[in-house]
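Visitor: I am about to look at a protein chain, and I would like to be guided through it step by step.

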Amino acid sequence: MEKTTVAIADAPQAVGPYSQGIVVRKLTSLAYFSGQIAIDPTSGKLHGQTATEQAEQIVENIDALLRSQNMTAENVVKTTVFLTDINAFAAVNAVYAAYFGASLPARSCVAVAALPLGALVEIEITAAT
């Protein structure tokens, strides 16, 4: 896969740890993963009381899904983040930025009324090779 980050001055700059866009060329696989909430795979129960704790479990879950397909965070080209409280935006951004590092995918972030099992955060990803 050849992945190029879109970063242009003629469109608004990113206001968080994400890219304006990602262009994928020479695509061999495209993977759509369901949204992940902070379920601990060992206990099957929701992990964490704060958005930060839940986001940490979510990126562990995402990492496991990616590894199952011989992928890493670098393969992620698009994410959607769902928050039950938009005030948790900065806390989730910190975990998100640490996980994705310099390979920031395109992203949407929306506030929602509720998430399954009372979760505070959900993240879905699309990855490519």
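Guide: Helices (H or I, at least four residues) and strands (E, at least two) are DSSP runs, numbered from the N terminus. The model is predicted, so that local features need pLDDT of at least 70 and side-chain atom pairs count only at pLDDT 80 or more, while totals for chains, interfaces and linings use all residues. Residues are numbered from 1 along each chain as its sequence is written, and side-chain values use heavy atoms, with hydrogens and water left out.

Visitor: In what order do the elements of the chain run from the N terminus on?

Guide: The chain holds two helices and six strands. Read from the N terminus on, these elements follow the order β-β-β-α-β-α-β-β.

Visitor: Which residue in E6 is the bridge partner of Thr-79?

Guide: Two strands pair if DSSP finds at least two bridges between them. Strand E4 (residues 76-83) runs antiparallel to E6 and is joined to it by seven bridges, while strand E3 (residues 30-36) pairs with E6 in the antiparallel sense over five bridges. For Thr-79, the bridge partner in E6 is Ile-125.

Visitor: How many of the eight residues of strand E6 are buried?

Guide: Buried means under 20% relative accessible area, exposed over 50%, and partly exposed in between, with a 1.4 Å probe and protein chains only. Strand E6 (residues 121-128) is mostly covered, and its count of buried residues is seven.

Visitor: Is Asn-87 buried or exposed?

Guide: Asn-87 lies in the loop between E4 and helix H2 (89-100). Because its relative accessibility is 67%, Asn-87 counts as exposed.
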